[in-house]
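Please find below a colleague's note, written to be read beside the coordinates.

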Amino acid sequence: MVKTRRSWPARLFTSRRRADADADGPGQERSVYVNTPLPAAAFDARGRAPQYSPNQIRTAKYTVLSFVPKNIFEQFRRAANIYFLFLLILQFVPAVTTGLPGLSALALFTIIALTMIKDGYEDSKRSTSDRKANRAPAVVLGGGWVNTNKPPAHALRPRGPMRLVWSDSGAEGSVGGAVAHPAQTGTQQQHNRYRLDGDIGIGSNEWAATEWRHIHVGDIVLVRDGDAVPADMLLLNTSDEDGTCFVETKNLDGETNLKTKHAPAATVHLTSPQRLAAFRCVIDAEPPNTQLYSFKGSMQILAGDGYGEYDGNNGDAARDALGVDNLLLRGSVVRNTQWAVGVVVFTGDDTKVMMNTGETPSKRSRIERMMNYQVMSQFALLFVLCFLSAVLGGIYYARPNSFQALFIVDFESSSGKSAPLYGFLTFWTSLILYQTVVPISLYVTIEVVKTFQAYFISQDIDMYHAPTDKRCKPQAWNL
């Protein structure tokens, strides 16, 4: 059995799972059934089929529901913000307050609001990039072909209040996981986007257009020269006679040299949609992991292939070993190959590139980390000043004829309250009076300066790239 997907509330409140640790435990080996029904052993005790991670990804740090609490938590990692919040609470204590609490609250809320707006704007750009990737076009085998690994459409919908934020656009798709044929979903320009010359039959109704987010484990996907691979998939065949495919992996490992991928010898005869729809096999794959250069699996050829040019002498027992040279990774780009066809093995967060990406970190600049240490030293100085004020205040308050009586009209002698209590209250009053030792205006100024610096960087003519008409875009203002 495979690990089930996370619940929809968990996906809304939390980020993706981290690459170095999985909260649900290690992944499990999986079996992908191509053109064959799922056996009884594939279902759990409740009769549910395996549910894999959807191909829709999210690299944004926040969700709509988690933005406010998570952002406030991250902001209060600053020692100064905790200090200002503590002073604000002290202002509401009548025995030690020295002014209007609202004025102190205004300054603190201003810096928190400005930082929240900045972080929200940065994360919105990540969400835009996610939507662009999730809605990228793809081509899958359609024409009535059934992906037996795909759960029913109703199993993909959340229940309860989460249906209010659920969109059914393309949730049903076709039985193969596609939305429709390209000629049925848009302009003629989109239809031409998927038309190829060759014997794989792209111009026929056997292929259907869809989006990356609607691809499921077990879908048969076709990519052409220059296309990015939408998911980790086992290569079945290419336009070359020997089933060779060249891919560029600079989006994965930074290398610009092309790598060679090979289709298994048992699948190089799959040169048409009809043969793909009739080819029956079971693919056993290792659990999802972060190893880009390693893959272990096997493919068992089943009997009943109507176009069985593969000479499987062992019948149902025929099994081919699979390696990393047979796997196309999500994010790699097909080069110098007219077309390539593969069956999806890992999707979404289970793909190797997403598992290596991990959770979006909360970046902190060197200046911010240095300021935390400086603020801590200022706290020590402030504590010394307040402690001396409290001790001296208690001493002079305990004297019967204190010189304070000359300056304070309503001065109370030691008969009114104890000197230790007076010194204790003086400590907290001094903390409020000396709060400018750690100026909150410094943090407001830094946030404003970061905003203007990001603007000037984006407008810098020396950072403008004329051939591509692109400007430098600061992605993280914290740095």
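The points that follow take up the chain as a whole, its strands and its aromatic rings.

1. This is a predicted model, in which local features need pLDDT of at least 70 and side-chain atom pairs count only at pLDDT 80 or more, whereas totals for chains, interfaces and linings use all residues. Residues are numbered from 1 along each chain as its sequence is written, and side-chain values use heavy atoms, with hydrogens and water left out.

2. The chain has 13 helices and 13 strands, taken as DSSP runs numbered from the N terminus (helices H or I, at least four residues; strands E, at least two). Of its 479 residues, 44% count as buried, where buried means under 20% relative accessible area, exposed over 50% and partly exposed in between, with a 1.4 Å probe and protein chains only. Among contacts with a separation of 6 or more, 75% join residues 24 or more positions apart, a contact being heavy atoms within 4.5 Å.

3. An open sheet of 6 strands runs in the order β3-β2-β4-β13-β5-β11 with antiparallel pairing, two strands being paired if DSSP finds at least two bridges between them. Because β3 (207-211) and β11 (327-328) stand at the edges with a single partner strand each, one side of each is left without a neighbour in the sheet. The partner of β3 in this order is β2 (residues 137-141), joined to β3 over 5 antiparallel bridges, and V139 has A209 in β3 as its bridge partner.

4. Strands β9 (residues 297-301) and β10 are also paired in the antiparallel sense, over 4 bridges, with M299 opposite D320 in β10. Strand β10 (residues 319-322) has D320 and L322 on its covered face, while R319 and A321 are on the uncovered one.

5. How many aromatic pairs does a search of the whole structure find? The search gives 11, counting rings of Phe, Tyr and Trp (its six-membered ring) whose centres lie within 6.5 Å, with planes under 30 degrees apart called stacked, over 60 edge-to-face and the rest tilted. One of them is the tilted pair of Y83 and F84, at 5.4 Å centre to centre and 55° between the planes; both residues are buried.

6. The rings of F383 and F427 have centres 5.8 Å apart and planes at 70°, so this pair is edge-to-face. Since F383 lies in helix α11 (residues 366-398) and F427 in helix α12 (residues 419-433), the pair ties together parts that are 44 residues apart in sequence. F383 is partly exposed, at 49% relative accessible area, whereas F427 counts as buried at 14%. Both belong to one aromatic cluster formed by F86, F383, F387, F424, F427 and W428.
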